[in-house]
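Open the model in your viewer and keep the sequence panel beside it.

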Amino acid sequence: MLSLLSAPADVQTSIFNLLSLQNIARLRQVCRKMNADISADKQLWVRLLCSVMESLGRTLVPYSRYLENADTRHIEAWIRSSLELERSYATSSTLRSWTIQETFSITWVKLLRGRWCLIAMSNSTESRLRLFELSIANGFSLRAETFLPGPVINGLVEDGCKHIHMAISIRTRNSFIRVLSVGACSDGFLFRSLAEIRGASHVQLLHGPLVGFSVYEGDDSYPRVANWYTGKIMTLFPKRYEPLPSVLAQVPSPLTARYNADGTFDPTHEICRAMTVWNRYFVVVFDAAVHIYLKPDLGDSYLQTSPALLLSILPLGSQSFNPVKSAYFTQRDIGETCKKLSDRSSPFPPLHIIIHTFKGTLSAATISFDSDAPNMCSAFSLVYHPHLTQEEIGGNSIRAACVSLSSSSVYAASLMVNCESSFLSSQIVLTALHLPSDQHDIKVSAQMHKFLGSCSAVSAQELPVLHLVQCIDFDDARGVLLLGSSIGEVSCTLFSGYESIYPESLLDDLPPLAESDIPYLDNYPEPIPVDMISYLSHEVLLEEGEEAPQEVVDEALLLWSGPDVNIAGWSNDWSRFKYLANWMMPPPVWGLAQPKLQEGATGSHYVRTCLRNLGDIVPVLYKESCHDILIFRAGQRLFILYGSYEEETVYINALRLPVDQIFNAHRVQEALESTFQRSNLHGRLSDEVLDLYERLAEIAFRIGRFMERTGRGKLVGAVSNAWSDSEWTNLWLEIQWYEIREGIKY
């Protein structure tokens, strides 16, 4: 009689393929031969891998070996690790955590292949970018570092298997984006500078030779894309432009005003929050809409003055939609689960966008392409998925202050804050993402509101001070969570399941630095002077109320300078401006550690908080009889600010006036009359307007000051994260009483 043990291999495989993973596990326990036959059946394990990954909605570790080069032992370990990690995320079961303390503010962190991490840190005199290796045995091990001329604002990394490139935005007197590579060399590991894009900042895209960014020469009106290899730059205008003979002679350049199709001036201030390449298109997320452009060839023949062709504008949510703060893209194709071995892969899979709003909500959107549409402009459609219900993450007062999309786009890691708590109790939360893979799944997800799923909180025992966490990165495929704080704390948490993968089944070594025909820029292995904005160099003095040094004033006025004004009652003689110091504060560069971050309720910081812009705030004119009334420029838009600084009631409204008409007395008067007839854009600064980051920073600053002045030590995560809610409440009451006794106002 023929038994399963004596059956031919192809018969065994056919039978095994009918069984679930649980039944296969039981069958392996029958005897050694059965276990050996199952363990050697690679076809079976590939099927089980695809089944498990699809049921979990996961993909393979991006840096794993290709299936044709992996043996059954490796594939089984991938399955076991995926199941263990899924349980770990649901129960917050961690394997190991480390925390290191730096003397710098941590401004950017990024995980590489689950084994390495990039950490950018800086203060007013020094800026570094470091490469660490992570291991269970040794924790953080420094492998390479390079010194920079200024703080890193943000950055993106592209892992191209044979190379790792990064684009980082560096804040100096003249900000720029630097493109670097990192890899192995004969002496260990090295950073290599490849190119710089001068005047650019806030990088939003890194795709091969293309770098997209939100700000250029201090102007955030239009995002741009540069080819760092050729130096060519193109502009992405946020509206379709219909040239009108009476108004526009040609498609406007970045320095001309923006008009509607009927010829009226458009004062809308839209800012690029995220950007990606999707097939042959650029997809750009603005404050309340997604714009799709045809991706041109930025080769040597490209004309730098030509704009990209805008194909479609897709609104996000309703008119009351809260503006986007950050967005993250992912394409989830079922075929990716098994390296395109599945027959369900799509030639043009939908593009998913995870959206983090300024109000702290999380939502999602999906963009699809219909190849049967009558024209290109109508081929794109967007389905908006309502934000995660607050009840699912702890109540209506819970908000996300900081968000990061995981490496395989299955989870979002975020810093969640309870806004009803007087001390803003915080926790790191992992949110599962149920990403649809085809049109039917997209419609079902939208109808059932199941795009964003279950949440679980990570134990804060070994984390930094959560109030000051400003950088998050999460590799859910390997089980690594990396956090950085504004006071120099960096923590790495490994989840249970991290150790289940065999190291030899992964391609997690850094690639060797390849030779290139591009001339390399200077690399700085030793400290170099930072090219810091004068205001930031003297910020401590300014915080203590001292008069601004002349070099700080001169540097600010250089940006504000303009032609002489001949408008009755208005002036741009800034030497006589009463509130000069309030308008010299540049954008924060150290995040939550920035001095005076909470004290800038007037002037430039107030404007940035209200308009949520990324570029420069440039005062243009002030009312001679009342310095509380001021016209300023943000990008290519003009605004007027008026009210009372003393009463902390200040209003902002848009001027319907092109920038190049600001010194035309008649046009200015018309614009002012029209402006005051309309309602205000922004009123009194309130907790609804304040960014969660700033409120968290205020709480942490007050706690840290109280602890140091009362001899209780320094505020660190190992101490603050161990406090219970009742201990937090008692401490907060004690701090408030202390501030009353000392005459400290907040």
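Which residue stands opposite V480 in strand 28? Select V480 and look across: L494 is its counterpart. Keep in mind throughout that this is a predicted model.

**Stop 1: the sheet around V480**

Select strand 27 together with strand 28 (residues 489–495). Five bridges join the two, and they run antiparallel. Now widen the selection to the open sheet of four strands, in the order 1-28-27-26. The pairing is antiparallel. Strand 1 (94–101) and strand 26 stand at the edges. Each edge strand has a single partner strand, so one side of each is left without a neighbour in the sheet. On average, neighbouring strands here are turned by 10 degrees against each other, direction ignored.

**Stop 2: the largest nonpolar core**

Stay in this region and show side chains. The largest nonpolar core holds 38 residues. Colour L415, I428, I472, L481 and I703, which have the most contacts inside it. Several elements supply at least two core residues each, among them helix 5 (72–91), strand 26 (469–475), strand 27 (480–485) and helix 14. Strand 22 (398–405), strand 23 (411–418) and strand 24 (426–433) also supply at least two each. Then select helix 12, which gives the largest share of this core, six residues.

Centre on I472. Leave aside its neighbours within four places in sequence, and I472 is in contact with V109, C402, S404, A413, S414, L415, I428, L481, L482 and L483.

A second, separate core has 32 residues. To find this second core, select M532, V553, M585 and V607, which are included in it.

**Stop 3: helix 14**

Select residues 725–742. How far apart are the end C-alpha atoms of helix 14? They are 26 Å apart. At 1.5 Å a residue, the 18 residues of helix 14 should span 26 Å, which agrees.

Next, look down the axis. W728, L731, W732, I735, Y738 and E739 are buried. These buried residues fall within an arc of 125 degrees, so they line one face of helix 14. Turn to the other side of the helix: L733, W737 and I740 are exposed there. Just after helix 14, click G743, which takes a positive phi of about 70 degrees.

**Stop 4: helix 3**

Jump to residues 32–39. Which residues of helix 3 are buried? They are M34, D37 and I38. Seen down the axis, the buried residues of helix 3 fall within an arc of 95 degrees, so they line one face of the helix. Show the partners: these buried residues pack against helix 1 (9–16), helix 2 (21–27) and helix 4 (42–56).

**Stop 5: L142**

Select strand 5 (residues 139–147) and pick out L142. Is L142 buried or partly exposed? L142 is partly exposed, with a relative accessible area of 41%. Set its neighbours within four places in sequence aside, and L142 is in contact with R130, L131 and F132. Draw a C-alpha to C-alpha distance from L142 to L131: it is 6.1 Å, and the two are eleven residues apart in sequence.

**Stop 6: the hairpin of strands 8 and 9**

Select strand 8 (residues 176–185) and strand 9 (residues 188–198). Ten bridges join them, and they run antiparallel. The hairpin between strand 8 and strand 9 passes through two residues. Find S181, which stands opposite R192 in strand 9. Then click G188, also found in strand 9. G188 counts as partly exposed, at 25% relative accessibility. The C-alpha atoms of G188 and R143 are 7.5 Å apart, while the two residues are 45 apart in sequence.

**Stop 7**

Four strands form an open sheet in the order 14-15-16-17, with antiparallel pairing. Its edge strands are strand 14 (274–278) and strand 17 (309–315), each pairing on one side only. The twist averages 20 degrees from one strand to the next. Inside the sheet, select strand 15 (residues 281–285) and strand 16 (residues 289–294), which five bridges join. Check Y281: its bridge partner in strand 16 is L294.

**Last view: the whole chain**

Zoom out. The protein chain has 14 helices and 33 strands. Of its 746 residues, 56% count as buried. Among contacts with a separation of 6 or more, 59% link residues 24 or more positions apart.

Conventions:
Residues are numbered from 1 along each chain as its sequence is written. This is a predicted model: local features need pLDDT of at least 70, side-chain atom pairs count only at pLDDT 80 or more; totals for chains, interfaces and linings use all residues. Side-chain values use heavy atoms; hydrogens and water are left out. The expected span of a helix is 1.5 Å times one less than its number of residues. Buried means under 20% relative accessible area, exposed over 50%, partly exposed in between (1.4 Å probe, protein chains only). The arc is that of the directions from the helix axis to the C-beta atoms. Contact means heavy atoms within 4.5 Å. Two strands pair if DSSP finds at least two bridges between them. Axes are lines fitted to C-alpha atoms, for helices over the stretch in contact, and angles run from 0 to 180 degrees between N-to-C directions. A nonpolar core is a set of buried Ala, Val, Leu, Ile, Met, Phe, Trp, Tyr and Cys residues joined through side-chain atoms within 4.5 Å.
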